[in-house]
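Here is a short briefing to read alongside the structure. Take a moment to look it over, and then we can walk through the main points together.

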Amino acid sequence: MIVAPNSIKALAVERARALGAGDVRVVDARADAESRERMRASFGRGDLRTWAYDDAYARAAADPQAILAGARSIVCIAVPYATAEPARPPLHGRVSNYAWSPDYHLRMRSLLSAVAGEIDRAAGAPVTAIACDTKPIAERAFAARAGLGWIGKHTNLISPSLGSFVFLGEIVTTLAFEPDAPLRKSCGSCARCIDGCPTGALRGDYTIDATRCIADLTQRTDPIPREMRALIGDWIWGCDICQVVCPPTRNAGNQGSDAFVPFDAATAAPALTELLQLRSGEFKRRYARTAMGWRGAAVLRRNAAIGLGNALDRSAVPALVQALASDPHPMVRGAAAWALGRIAAPKALEALRAHAVVESDSGVQEEITAALL
Ligand code: B12
Ligand code: SF4
Ligand code: SF4
């Protein structure tokens, strides 16, 4: 060891802050039994049945040894990302603020790698592993234990100074850094996120039925359950409602750096009829660089159709009729059928009846039948 662990901790904190971290805290890397139990309960209830999470995941995510053998500390980092919402004209979709700028995974990875490199250099050996979003680690629970904030009733980590619009990232290390203390805070009697959630996903006991969450629904690669579609409103990727209404997050304001400003208005608030025609070339050009680029163009076209159905605007009928007639993906044709049934203008119903005769996919046929009921 070239430098004492706590001097390395100070170095890491300083470097992370210089690179855009809003807060940095350390927790010891003991397995977190509470987290494991809460995850097991959540998976047992089926709260995350759209994800391939199981008991083995819960065990790994609650124990940093799964990421780095010999782990003794975790440097938990919060990077604020809230920036001002661009103007959104009628019939334009709404994108969550985490997805309207360059993919945060890349930015977080570069920040975490730089800080981890600094730690390794000071230690004189590789002693770190980094994680952000994609690895099995209970990021919010460890961040809360490190004192970055508390887990709110909307289930996100809320920093008292930054709010909940923060990305979380971790540097797991075999070095023993002095841990920071957790905060003694909770949401108290506040219930704004629960009242504000349009789908009833939040139970009020700090748990969520993620299958009802718009963030989950808009990422699904199979048809969105019919009973959930009207609740999605104009969101075409993710949802921010429970955080926008959250007092500490409102008070924190927009603390995201320029790196999180929307690429352009068309990415952050796309015209729904144009999005309905999105093909893979344009998809790659516009969305591959964002955090909404991993599910493909058809998912976004499907979401545009749902948004148009919810807008209940007859001017969208021609675009939906075209999608019903010619979209190559049955899921998109099915969503267009639903939207036409919801708008229920004479031309919309006529197109549904005409298309029923030629549609070969049984799922789309079923959507047409339901739309005409
Ligand atoms: C799967 C996933 C989702 C799923 C499920 C979300 C969920 N609430 O579980 C869906 C697609 C719905 C989702 C949505 C979003 N996500 Co997401 N998601 C994840 C991911 C990959 C795994 C989360 C997971 O394992 N969930 C299962 C639950 C059971 O476990 P858990 O959340 O880890 O931990 C719970 C327990 O540990 C427990 N717990 C443990 N100890 C204690 C103690 C107390 C006192 C309490 C109350 C609870 C508690 O509470 C935690 C929260 O319920 C994480 C990255 C990661 N590896 O952690 C990002 C992550 C949680 N997501 C993130 C973001 C930004 C979002 C969205 C805001 C994006 C958006 N705007 O659309 C929304 C928020 C929706 C919401 N209200 O939660 C951030 C959250 C940042 C933050 N400030 O908390 C993360 C951490 C990614 C990152 N690296 O920044 N997400
Ligand atoms: S992100 Fe939206 S749908 Fe999901 S829990 Fe929050 S308010 Fe509800
Ligand atoms: S809105 Fe209120 S209850 Fe919900 S997370 Fe924020 S402070 Fe907690």
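This is a predicted model: local features need pLDDT of at least 70, side-chain atom pairs count only at pLDDT 80 or more; totals for chains, interfaces and linings use all residues.

The protein is divided into domain 1, residues 1-254, and domain 2, residues 270-373.

**How the domains meet**
- Taken over C-alpha atoms, the centres of domain 1 and domain 2 are 33 Å apart.
- Domain 1 brings 24 residues to the contact, and domain 2 brings 27 residues.
- On the domain 1 side, at least two residues each come from helix H4 (104-123), helix H8 (226-229) and strand S8 (235-237).
- The residues on that side of domain 1 are 13 nonpolar, seven polar and four charged.

**Around ligand 2**
- The residues surrounding ligand 2 include four cysteines to look for: Cys197, Cys213, Cys239 and Cys242.
- His154, Thr199, Ala201, Leu202, Ile208, Ile214, Ala215 and Ile241 also surround ligand 2.
- Helix H7 (214-217) and helix H9 (241-244) are the elements that give two or more residues to this shell.
- The shell around ligand 2 has 10 nonpolar and two polar residues, with no charged ones.

**Around ligand 3**
- Ligand 3 has Cys187, Cys190, Cys193 and Cys246 among its surrounding residues.
- Gly152, Lys153, His154, Ala191, Arg192, Val245, Pro247 and Pro248 surround ligand 3 as well.
- Helix H6 (192-196) and helix H10 (247-252) each supply at least two residues of the shell.
- By class, the ligand 3 shell holds eight nonpolar, two polar and two charged residues.

Note on methods. Residues are numbered from 1 along each chain as its sequence is written. Chains are lettered from A and ligands numbered from 1 in the order in which they are written. A residue is near a molecule or strand if its C-beta atom, placed from the backbone, lies within 6 Å of it. Helices (H or I, at least four residues) and strands (E, at least two) are DSSP runs, numbered from the N terminus. Ala, Val, Leu, Ile, Met, Phe, Trp, Tyr, Cys and Pro count as nonpolar, Asp, Glu, Lys and Arg as charged, and the others, Gly among them, as polar. Domain bounds come from an automatic or database domain assignment. Two residues are in contact if their C-beta atoms, placed from the backbone, lie within 7 Å.
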